[in-house]
Amino acid sequence: YKTFWGVQKVFTDPQGTILASRGGPTQAQAASAYSGFVRDVTSILVALESTPVPKTCGKSSGLTTTMTANSSSSSSHNGDDNNDDNNMVHHHKYLTSSQLLHLQLKDPTLRIHFLTQLLIVLSYLRSSPAVPLPAPPITPAPGADPAKLLAQIRATQTKQLVDTERRTVGLLKSTPGGGE
């Protein structure tokens with residue numbers, strides 16, 4: 001529960017939470033936070049993969065629908081009774097309780113929103129060189145090339161982001177209403 005909702009902090013401000021920046025975390029803090037973020041996202045993806053959305057679930061269980069004030073007058077002016085969907089206002093309501101998380105993970109709308117946010121952040125993090133990924137402090141062995149070691153770390157991080165993005169897209173496609 002804390003892991004799932006905790007990554008929202010990174011979604012709202014990746015620059016200030018997992019990337020080293022002026023006024024933000026130091027390089028060592030960013031590297032630790034980045035590792036934690038990747039670990040948390042991996043565990044969330046495992047939870048989502050092991051909690052399939054029921055195929056009969058067409059609408060979100062967290063979606064409440066209400067009519068707008070002018071919906072009855074607009075349908076009578078148009079003479080079209082099928083226009084009621086255009087006059088609906090949809091409100092997403094999510095209670096944040098650890099006892100509800102297993103139900104929330106089955107909610108297609110919540111999954112779509114979470115996975116879309118994750119794809120946006122992953123795309124942002126992969127947009128190097130504009131966004132330098134944090135690397136842990138390194139102390140190379142004598143005679144080793146620190147630049148080469150850093151390049152290997154960056155290549156591993158990029159591969160990890162690509163793999164996470166692939167899994168996220170797969171989950172999004174398997175979610176009703178998300179991949180169509």
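Author: A salt bridge here is a side-chain nitrogen of Lys or Arg lying within 4 Å of a carboxyl oxygen of Asp or Glu. By that cut-off Lys159 and Asp163 qualify, since their side chains meet with an N to O distance of 2.9 Å. The model is a predicted one, and the part examined here is helix 7, which spans 146-174.

Lys159 and Asp163 both belong to helix 7 and stand four residues apart, about one turn of the helix. Lys159 counts as exposed, with 53% relative accessibility, a value over the 50% that the term requires. Asp163, at 25% relative accessibility, counts as partly exposed.

The structure holds three salt bridges. In general terms, side chains of opposite charge can pair when their charged atoms come close.

Another of the salt bridges joins the side chains of Glu49 and Arg167, at 2.8 Å from N to O. Glu49 sits in helix 3 and Arg167 in helix 7, so this pair ties together parts of the chain that are 118 residues apart in sequence. Glu49 is partly exposed, with a relative accessible area of 40%. Arg167 is also partly exposed, at 22%, where under 20% would count as buried.

A further salt bridge is formed by the side chains of Arg126 and Glu165, again with 2.8 Å between N and O. Arg126 is partly exposed, with a relative accessible area of 36%.

Beyond the end of the helix comes Thr175, in the segment after helix 7. Thr175 counts as buried, with 2% relative accessibility. Its side chain reaches back to the backbone oxygen of Leu171, at 2.8 Å. Leaving aside residues up to four places away in sequence, Thr175 touches Pro108, Arg111, Ile112 and Leu115.

Pro52 is found in the loop between helix 3 and strand 1 (63-67). Pro52 is exposed, with a relative accessible area of 56%. The C-alpha atom of Pro52 is separated by 8.2 Å from that of Leu105, although the two residues are 53 places apart along the chain.

Next, the nonpolar side. In soluble globular proteins, nonpolar side chains tend to be buried together. The largest nonpolar core of this model has 27 residues, and those with the most contacts inside it are Phe37, Phe114, Leu118 and Leu125. Helix 7 is one of the elements that each supply at least two residues of this core, along with helix 1 (2-12), helix 3 (27-49) and helix 6 (108-126). Helix 6 gives the most, with eight residues.

Helix 1, another contributor to the core, has Phe4, Val7, Gln8, Val10 and Phe11 as its buried residues. Viewed down the helix axis they fall within an arc of 160°, so they line one face of helix 1. Lys2, Lys9 and Thr12 are exposed on the other side of helix 1. The buried residues of helix 1 have a cover that includes helix 2 (14-17), helix 3, helix 5 (101-104) and helix 6.

Last, the chain as a whole. The protein chain has seven helices and two strands, and from the N terminus on its elements run α-α-α-β-α-β-α-α-α. Of its 180 residues, 32% are buried. Among contacts between residues at least 6 apart in sequence, 71% join residues at least 24 apart. The accessible surface of the chain comes to about 10,800 Å², and carbon and sulfur atoms account for 56% of that.

Key. Residues numbered from 1 in each chain as written. Predicted model: local features only at pLDDT ≥ 70, side-chain atom pairs only at ≥ 80, totals over all residues. Heavy atoms only, no water. Core = buried A, V, L, I, M, F, W, Y, C linked by side-chain atoms within 4.5 Å. Buried < 20%, exposed > 50% of the residue type's maximum accessible area, 1.4 Å probe, protein only. Polar contact = N/O pair within 3.5 Å; in protein donor to acceptor, adjacent residues only side chain to side chain. Contact = heavy atoms within 4.5 Å. Arc of directions from axis to C-beta. Areas by Shrake-Rupley, 256 points an atom, 1.4 Å probe, with all protein chains shown as cover.
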